[in-house]
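Let's take a walk through this model, starting with a pocket and ending at a sheet.

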Amino acid sequence: MNLSVSVDADALARAAAEQFVELARSSILARGRFTVALSGGSTPRRMYQYLAATPLRDRVDWSRVEVFWGDERGVPPDHPDSNFAMASAALLDRVPIPGHVVHRMLAELPDRATAARDYQLEIARAFGVDEGGQPPSFDLLLLGMGSDGHTASLFPGFEALREGRRWAVSVDAPQRPPAARITLTAPILNRAREIRVLVAGADKAATLRAVLEGPHEPERRPIQLVRPENGRMIWLVDQAAASELQPAAVAPAGGAR
Ligand code: 6PG
């Protein structure tokens with residue numbers, strides 16, 4: 001298990017932003033572009049703000065970055081609850097990234113099932129793969145974790161957890177509005193080359209312990225579904241979220257193991 005503990009949420013966001021820069025550099029070097037799936041949430045917002053500011057923004061070749069989302073809420077793209085709006089305000093509007101490589105999920109459409117299917121098609125086209133075949137690999141997948149163990153919009157007990165074929169599905173979240181969501185599913189999440197899970201705050205501590213040290217029960221803790229086939233998954237957490245972990249699991253601040 002790879003776990004890196006930062007002193008607080010701000011240090012965690014900065015560490016995540018630095019890893020984004022490094023992975024962008026190596027992916028562009030290896031494959032000519034950097035495909036990243038973003039997440040919503042408060043920690044990612046800070047991370048995006050770091051990326052949009054000097055010095056980090058000048059270390060990324062934004063013309064070669066292609067952006068997707070792990071999930072989206074059923075609201076228009078300028079709504080305060082929109083993950084796209086958040087990423088745009090914090091990052092995408094502030095860096096020279098071409099608009100046509102920003103692939104947002106159209107979760108506000110009344111026919112969300114079709115919108116989810118179309119998103120799968122859009123991903124397939126962007127990667128030049130067959131949409132009926134094996135899902136492509138994002139260079140970087142950013143995820144968060146809710147205190148109920150959800151990730152993206154994969155919630156405990158949901159049918160979407162058992163999805164084995166489709167890459168994106170429409171769901172209705174059990175909690176806080178907006179309930180309507182589109183989410184990527186395990187088959188594509190687990191193809192990512194690099195996964196970073198950002199978890200901050202004491203309210204996540206018990207869940208983090210259960211996820212990392214408890215039994216494998218993805219129906220109860222959906223984030224346990226995320227197990228990359230060939231990629232690397234690193235948990236970037238703050239001290240508050242790590243406070244209930246066994247001391248042996250916790251690396252020195254900033255370190256990973
Ligand atoms: C969303 C997210 C969701 C999020 C977690 C953690 O759209 O809500 O993608 O899965 O990452 O709920 O969010 P926080 O980091 O804000 O606690």
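Here is what the computed geometry shows.

This is a predicted model, so to speak of local features we need pLDDT of at least 70, and side-chain atom pairs count only at pLDDT 80 or more, while totals for chains, interfaces and linings use all residues. Residues are numbered from 1 along each chain as its sequence is written, and side-chain values use heavy atoms, leaving out hydrogens and water.

The largest pocket holds about 530 Å³ of space. A pocket here is an open set of points on a 1 Å grid over the protein atoms alone, where a 1.4 Å probe fits, with protein on both sides within 12 Å along at least five of seven lines; lining residues have an atom within 4 Å of a point. The volume is the space filled by probe spheres set on the points, which are joined across faces, edges and corners. Lining this pocket are 28 residues, with Gly-40, Gly-41, Ser-42, Arg-73 and Arg-176 nearest its centre. Helix H2 (42–52) gives the largest share, five residues; helices (H or I, at least four residues) and strands (E, at least two) are DSSP runs, numbered from the N terminus.

Strand E4 (71–73) also supplies at least two lining residues, and it belongs to an open sheet of three strands in the order E4-E7-E6, with antiparallel pairing. Pairing takes at least two DSSP bridges between two strands. E4 and E6 (168–172) stand at the edges with a single partner strand each, so one side of each has no neighbour in the sheet. Five bridges join E6 to E7 (residues 180–184), and Asp-172 has Ala-180 in E7 as its bridge partner.
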